[in-house]
There are 2 protein chains.
Amino acid sequence: MIKLKKAPCISAVSSVCGKKEFDGPLGDRFDMHSEDDTFGKDTFEAAEAEMQRRAFALALHKGGLREHDIGAIFAGDLMNQCTASSYGLLQYDVPYFGLFGACSTMAEALILSALCVDGGYYERCAALACSHNCTAQRQFRYPVEYGGQRTPTAQWTVTGAGCAIVGGTGAMRITGVLPGRTVDKKIKDANNMGVAMAPAAADTLLRYFKESGSSPSDFDIIITGDLGSEGHALTKDLCAFSGVSLGSNYLDFGMLMYDESQDVHAGGSGCGCSAIGLAAFLYDKFNSGKCREALFVGTGALMSPLVLFQGGSIPGIAHLLHFSSGE
Amino acid sequence: MIKLKKAPCISAVSSVCGKKEFDGPLGDRFDMHSEDDTFGKDTFEAAEAEMQRRAFALALHKGGLREHDIGAIFAGDLMNQCTASSYGLLQYDVPYFGLFGACSTMAEALILSALCVDGGYYERCAALACSHNCTAQRQFRYPVEYGGQRTPTAQWTVTGAGCAIVGGTGAMRITGVLPGRTVDKKIKDANNMGVAMAPAAADTLLRYFKESGSSPSDFDIIITGDLGSEGHALTKDLCAFSGVSLGSNYLDFGMLMYDESQDVHAGGSGCGCSAIGLAAFLYDKFNSGKCREALFVGTGALMSPLVLFQGGSIPGIAHLLHFSSGE
C-alpha cells in the first residue's frame, strides 16, 4: 500500500447515466440522464463518447473550473481502443492518459490522479470512466437486438459516465492506495463476471488489511465496484476463509444500481458502474458526514471474447483506494 | 512539461522480436527472436502475450532483479482489451496498471513509471509495450491469409515486445516528460497512420521546445515512435511552418526498423516498434556515450475500425520524454 503524504481531496464529481439507471434506487442523485440512452447521437458508440464528454464538462462546471485548470486526464472505458474516452474528450486541450483496466478503470484513474497530485506534478487531475449497455453487449456477448436470454449470474452493464476531480478542497480525501495484481482462477463464463473478479477483490482487500494493520470494522463503508450479488457473496466467503469477516458495512456498487423489479439478475457492472456510484453515492455520504472512513475497491474482469474463443480464461484485477473525511 | 526532481535512470532494457525485425538493420541488437513469429504458441494472440512475458523476464534478468523488486508494471498493447499484456504478465505478482495509448503506449508507460519513481512511491517500475503483425492485421485491417494489397503509405506493424526498468542506476536518465493531448485532423485512411499521428507529434514537440526554452540543436537525437517516412516528413513540415527546423538529428524508429529490400512501404509501426527500438537503439547510444541528450516522442493513432466504419476519423496522440546521460 502507498500512504499519500498530502492526501489530495476529491473536489468535484459528476455522473451521467441512461434511463434504466435513472429509474433505479440512486436515480435522483445522478446529475443528468438520457431518456433513450442515445444522448442525441446516431450510434451507441457516439452516445457513450458523448456521455464521457458531458461527465467531464459537468465536473468542470460543478468545480468552478476550466479545462486548463486540469493538469491531466486519466480515462478509459470498455470499448475496443477505448474510443469513448479518446473521441469523447477530443475537444479538450488537456494532456490525456488512456487506461485499460476493464471495470476497474475508475479506481485505476483515481490512483494515478492521486499519485500525480500528491507528488506535486499537477494541481488537479480528472479521473473518468464510462460504459454503455448497448456497446458492451454487442462487443462482448450479443447485440441487444438478438434478444439472447441472460443467465441468472449475468450482470447488466451500466450505461453511465462518471468523473472525479482530484485536487483542490473537498470533504473526501484519498489517504492511501493499493494497486491490484492480476488474479486468474480459470473462470471461463462470460456471464459470471462477478465470480471471475471476486478472487482479485479478496486478494487486494486482504493485502490492504494486512499491510495497513486495519480491519473491516475500521471503515464505515467498504464497497466494491461491480461484483454483483454473486461476486459480493464470494468475496465475503474468500475473506472469511482467511479469517477476515466483512460485515454489513461491505457493499457493492453493482448491487446498489438497480432494484429487484428491474430484472437485471446479479446486478450492475461495467466501468460506468463504480464511476457513477462513486459520484452519486459515496461522495454524497462523505459530504453529508455519514461516512468518515471508506475503502473503494474497483474491480475489473480482463476479459477478451477472442481469447475466450481460443480457450482462455478471465483474469480479474482490483485496485483499492482509502478515503477519509476532512478538508 | 514536467521536470523530474530526481531524474530516475533506466537501469535495464530488453527486446524480443519476430523474424522480419531480426532480419532488419537493428536485428543483431535485439535480445531474442522467434524464427516463425509464434514463440512456440498455437495462436498469434498467445504468441504476442508470450513475447510480453519474455520481455519482462529478460529485463528482470538483465537488471539482476526479481519480480518483487518491481513496485508496479505499466503495460499495454494493441489487442482489444490489451490482452497480450494482462495475460502475458499474469504469472507475476506485481501491481499492474493497464494502459491504452495505441502505439504511444511505451512512452505513456515510461512517463507514468518515471513519475511514480521520481515521486518516491516506488523504487523501480517496469514499462512494457508490444505488438504482433498478425494480431494487428486481422484486428485492424484484414487477416494476413487474405493477402490484401498494401498501399504505398501503409506501415508494417512490428512484431516485438520491449521492456524498460525505471529506477536504479544506468547511463540514461529521464529528466523531463510532456504528456500529449489528443489531436484530430480528420484523417480517415487506416493505411496512412503516419499522417494521422504527425500533427500530434508536432504539437508535442513544439510545446516542449517552447515550454523548456530549448531548440532541436540542443539534442543529439530527436526520435519519434512510429511515424514512418510519411509521418516523419509531415512532422518536419509542420514544425518548419511554426519556425522550428528539425535537422538530420530527427529520426523515427519506424524508419530504422526495416531496410528497403524488406518491402514494408512507409516503415514500421505498432506499440512494439518504439519499445524495441528504445531498448536496442537509443539505450545503446547512451550506453556507448554516443548520445547525451535525446527526445523520444511516442506516437499513437487512436484508431477504432468500428468508429471508422461509422464515419469517424483517427485522432493522434504523442507523449514526450527527455533523456539525459549520466548515472
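Predicted model: local features only at pLDDT ≥ 70, side-chain atom pairs only at ≥ 80, totals over all residues.

Reply: Chain A is divided into domain 1 (2-166) and domain 2 (172-325).

Me: Which helix gives the largest share of the side of domain 1 of chain A that touches domain 2 of chain A?

Reply: In chain A, 54 residues of domain 1 are in contact with 54 residues of domain 2. On the side of domain 1 of chain A that touches domain 2 of chain A, the largest share is 7 residues, and these come from helix α4 (residues 105-118) of chain A.

Me: How do the residues of that side of domain 1 of chain A divide into nonpolar, polar and charged?

Reply: The side in question is the part of domain 1 of chain A that touches domain 2 of chain A, with 54 residues in contact. They divide into 30 nonpolar, 15 polar and 9 charged.

Me: Are α4(A) and α9(A) oblique or parallel to each other?

Reply: The axes of α4(A) and helix α9 (residues 271-287) of chain A come within 7 Å and cross at roughly 55°. An angle from 65 to 115 degrees would count as roughly perpendicular, and one under 35 degrees as roughly parallel. The angle therefore makes the relation of α4(A) to α9(A) oblique.

Me: At what angle do α6(A) and α7(A) pack?

Reply: Helix α6 (residues 193-212) and helix α7 (residues 228-241), both of chain A, have their axes 8 Å apart. The two helices are oblique to each other, and their crossing is right-handed. The packing angle is about 40°.

Me: Which residues of α7(A) make the contact with α6(A)?

Reply: The α6(A) side includes A:Gly194, A:Val195, A:Met197 and A:Leu206. The residues of this contact divide into 11 nonpolar, 4 polar and 1 charged. From α7(A) come A:Gly228, A:Glu230, A:Gly231, A:Leu234, A:Thr235, A:Leu238 and A:Cys239.

Me: Which element gives the largest share of the side of chain B that touches chain A?

Reply: Here 42 residues of chain B are in contact with 42 residues of chain A. The elements that give two or more residues to the chain B side include β4 (72-77), α3 (83-88) and α4 (105-118). The largest share, 4 residues, comes from α4(B).

Me: How are the two copies related?

Reply: Chain B can be laid on chain A with an RMSD of 0.0 Å by a turn of 180° and a shift of 0.0 Å along the axis. The copies are thus related as by a two-fold rotation axis.

Me: Which residue of chain B comes closest to the rotation axis?

Reply: Of the interface residues of chain B, 100% are also interface residues in chain A, so the copies meet through the same surface. The closest approach to the axis by a residue of chain B is 2.1 Å (C-alpha), and the residue is B:Leu99.

Note on methods: Residues numbered from 1 in each chain as written. Chains lettered and ligands numbered in written order. Axes fitted to C-alpha atoms, helices over the stretch in contact; angles between N-to-C directions. Parallel < 35°, antiparallel > 145°, perpendicular 65-115°, else oblique. Left-handed = near helix turned anticlockwise from the far one by under 90°. Contact = placed C-beta atoms within 7 Å. Nonpolar A, V, L, I, M, F, W, Y, C, P; charged D, E, K, R; others polar. Least-squares fit on C-alpha atoms with pLDDT ≥ 70 in both. Domains from an automatic or database assignment.
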